[in-house]
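Please work through the exercises below with the sequence and the structure open beside you. Each task is followed by a solution that goes step by step.

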Amino acid sequence: MRMALFGLLVGLVFAAGCEKQTAVIPAEGKAAAPAHGDTILMGTIGDASTLLPVLAADSASGDINGLVYNGLVRYDKDLKMEGELAESWEISPDNLTFTFHLRKGVTWHDGAPFTSADVLFTYHLYIDPKTPTAYSERYKQVDTAEAPDPHTFRVTYKKPLATALISWGFSIHPKHLLDGKDITTSPLGQAPIGTGPYKFVEWLRGEKIVLEANPNYFEGEPYIKRVVYRIIPDPSTMFLELQAGGLDYMGLTPLQYGRQTQTPEFERQFRKYRYPAFAYTYLGYNMRRPYFQDKRVRQALSYAIDKQEIIDGVLLGLGQEATGPFKPGTWPHNPDVVRYGYDPAKAKALLAEAGWKDSDGDGILDKDGEPFRFTIATNQGNDQRTKSGEIIQRRLREVGIDVKLRGIEWASFLKEFINPGNFDATIMGWTIPIDPDGYDVWHSSKTKPGELNFINFKNAEVDQLLESGRRTFDQEERRRIYFRIQEIMAEEQPYTFLFVPDALPVVAARFRGVEPAPGGIMHNFIKWYVPASEQKYAR
Amino acid sequence: MLRYLAKRLLMMLPLLLGITLISFVVIHLAPGEPTDMQTDLNPEASIELKERLRSQYGLDDPLLVQYGKWLGRLARLDFGTSFSQDRRPVLQKIVERLPITILINVLSIGVILAISLPLGILSATRRNSGFDRITTVLVFLGFATPSFWLALLLMDGLGVRMGLFPIAGLKSIGYEYLSWSRQLLDLAHHLILPVFVSAFGGLAGFSRYMRSNMLEVIRQDYILTARAKGLAERAVIYRHALRNALLPVITILGLSVPGLIGGSVIFETIFAIPGMGKLFYDGVMMRDYPLIMGILVIGAVLTLVGNLLADLCYALADPRIRKA
């Protein structure tokens, strides 16, 4: 019996060994010039939920929808606004009316022409109360929307809104396929039809999603013929797949980037990239707690925490200190704010000034007989946050603060702790949107249960700056506003801003034309190519 | 016999009702709701939007009303539509995951039985021999080895370094272009590591059951009788002892019927296999109530049916029970 099994095993190994040769037919050799063809295999942790952008809320769906659909505008590689489906646009002098001139000759993947009626339909789809979308708010401020001719679309706002323009970067949906139908049961959720560079081919649930280059794409046919998103839920497996050649693109962890990809073999087969991610991790203080209401205490905690130590320990140095809620190197980021270097003596002095002294000699600071003890809550399963917490715990103990760590399952963490404001301090992260409007996170009106200013930060000047920031269109003027906000935050330390991690994507070396830019590496994806002689998949 | 069967089937109904009520209440007690994925930490999600989404999903009804509605649909064999963004029928989601889950489970139970039953019998008949000791150590090693660890080691060793096996998934890229026989080979090639890993941990249970049952039976008087009347040892063991020793194994097999559709999250995650375990886990994480309930109901029905089948098989194998 066991012999038979072994025989079967050997047979299968052998058979499959030959299999690889037939499945992968090397293409005919030519010079390393841009050539059409080949397939890129991308790894994704989670399966997509729906391929209708209006309903999708997860990143896997977002990645695919980004290749299948277009918006009117988008950010270019330098994070400046450029036209996509809109050739150009005008903004009225009062900043209230936006007129978009649409590209002519654009067609949907099914051949139907794209017109301003599709844009108008998409707008109505978003604001329809029957559409279960989380994105309706951004269009609620629109006063009127009209399509005066097939290639013009015009919206008027009640009040000027700085984020109005980029809100039209959202995917435009095809009217002729969705009009008058129930959006939640539309077949487009399973098989999307857009105007984008890639057409949908097939979706095997939990296994893969296949896209194919759109030969009629208005910016030219993409070089890479096929994009296959392979769903591989485990990061370790994904990394093994990459090494075995079963993936061409994935995001590495700091450990993989720093320790497991140094072999000459790996360097020959792959190109690694590294640039700051649009995200930061922070320690947020709940200001409903009396001991966090004194800003000297918050400043002291920031001095007591060694941020560089966290970056070295948790990210293996693959990240940088955060000084505020913006990404270093982008226009809203103020590089000159007060920094909180590691300085335990200063931390102790500030705490003493605020009345925290170790009067009973137990090593823990106390004030009015109450020892300085609090709990840092974070979500379970996020290794970087847990480790940061452990490092912070030790450093705070050194200045006499007793910290407990608590990891809680995500849904319970939000429902029981964050939303009702029922926590002392928390380690969490935010993504950094390209537009600096941080109204929802920092304005004092956003402190109700479930809103994002859950630390209860209230500062009248910040409120006023946030309000004018989102109504101002001039970038220089906005820069001044957000620079001032960062100065106040550096002084107030509502969060101890910990770090901005690096994004660490890796791409198989046969792909050329990859061009790192402030916007990442995916901005020119349709220009990536594999020289004909190196193409791996013939079909 | 028929009356017995009807009675057993009838008794299942209140049991099933109780199971569904308890699970329905329990999953709704867990903090978080299906709409959270869209609204949590989303700067654009206003409180009013959250309320609107809740009412669209019918989450603003009292819990018992929700249960009543769900039960009403279930009575018409309608499992409802999933609360995840795709809003597809729950049954469809389950059915597309079933074949691969059942395939892997049947294969691995097959491998387990094929190896562990002979192993158990041999260990019992050669009790305390070198063979017995070595297999004992081996099967317990398998039992104690974490499957994710073994899987990653095998993937790294046999997959990445030696290139013998594919790492994850069930099909090669370009599977669609292969002939059906090549497709079958490709699938089998992808299945070897997963089936091996899932079977390896299961050897201990069955081989130990088999061994202890066998030891128990060998001590019985009728085995002594069989030996006394001069039967060959072969006949004693395989004709007289084995049939009796297999009885408890049947029970365990019956109990593993629901296990056929239940996958393991860890295992499926490591091998990137879209099976039931991952479906259920993701459903729970997203609080996709209709999907969770659908899988629980099917699991409950199969458990009850599996029990019944085990009892029936018992009766078939053992005339004493048939008469009583």
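Predicted model: local features only at pLDDT ≥ 70, side-chain atom pairs only at ≥ 80, totals over all residues.

Residues are numbered from 1 along each chain as its sequence is written, and chains are lettered from A and ligands numbered from 1 in the order in which they are written.

**Exercise 1. Describe the overall build of chain A.**

Start with the elements: chain A has 18 helices and 22 strands, where helices (H or I, at least four residues) and strands (E, at least two) are DSSP runs numbered from the N terminus. Next take the extent, for which the C-alpha atoms of chain A fill a box of roughly 80 × 75 × 45 Å along the principal axes. Then compare the radius of gyration, which is taken over C-alpha atoms, with the globule rule of 2.2 Å times the number of residues to the power 0.38. For 539 residues a compact globule would have a value near 24 Å, and the 26 Å of chain A agrees with this. Finally, buried residues make up 42% of the 539 residues in chain A; a residue is buried if 20 or more other C-beta atoms, placed from the backbone, lie within 10 Å of its own.

**Exercise 2. Find the partners of strand β14 of chain A, and say whether the strand is enclosed or open.**

Strand β14(A) covers residues 279-285, and because six of its seven residues are buried, it is largely enclosed by the rest of the structure. Two strands pair if DSSP finds at least two bridges between them. With strand β20 (residues 425-431) of chain A, β14(A) pairs in the antiparallel sense over seven bridges, and there A:Tyr280 stands opposite A:Trp430. With strand β21 (residues 495-503) of chain A, the antiparallel pairing runs over four bridges, and A:Leu283 stands opposite A:Thr496.

**Exercise 3. Trace the four-stranded open sheet of chain A.**

The order of the strands is β4-β5-β7-β6 in chain A, with antiparallel pairing. The edges are β4 (86-91) and β6 (142-149) of chain A, each of which pairs on one side only. Five bridges join β6(A) to β7 (residues 152-157) of chain A, and A:Ala145 in this pair stands opposite A:Val155.

**Exercise 4. Examine how helices α10 and α11 of chain B meet.**

First locate them: α10(B) covers residues 221-228 and α11(B) covers residues 233-255, and they pack at an angle of about 145° with their axes 11 Å apart. Here axes are lines fitted to C-alpha atoms, for helices over the stretch in contact, and angles run from 0 to 180 degrees between N-to-C directions. Two residues are in contact if their C-beta atoms, placed from the backbone, lie within 7 Å. By that rule B:Tyr222, B:Ile223, B:Ala226 and B:Arg227 in α10(B) meet B:Val236, B:His240 and B:Ala241 in α11(B). Of the eight residues of α10(B), the number buried is zero, so the helix lies largely in the open. After α10(B) comes B:Gly230, whose phi is positive, near 90°.

**Exercise 5. How many residues does each chain give to the contact?**

Chain B gives 51 residues and chain A gives 52 residues. The elements of chain B that give two or more residues to its side include α5 (90-125) and α8 (180-200).

Methods
Buried ≥ 20, exposed ≤ 12 C-beta atoms within 10 Å, placed from the backbone.
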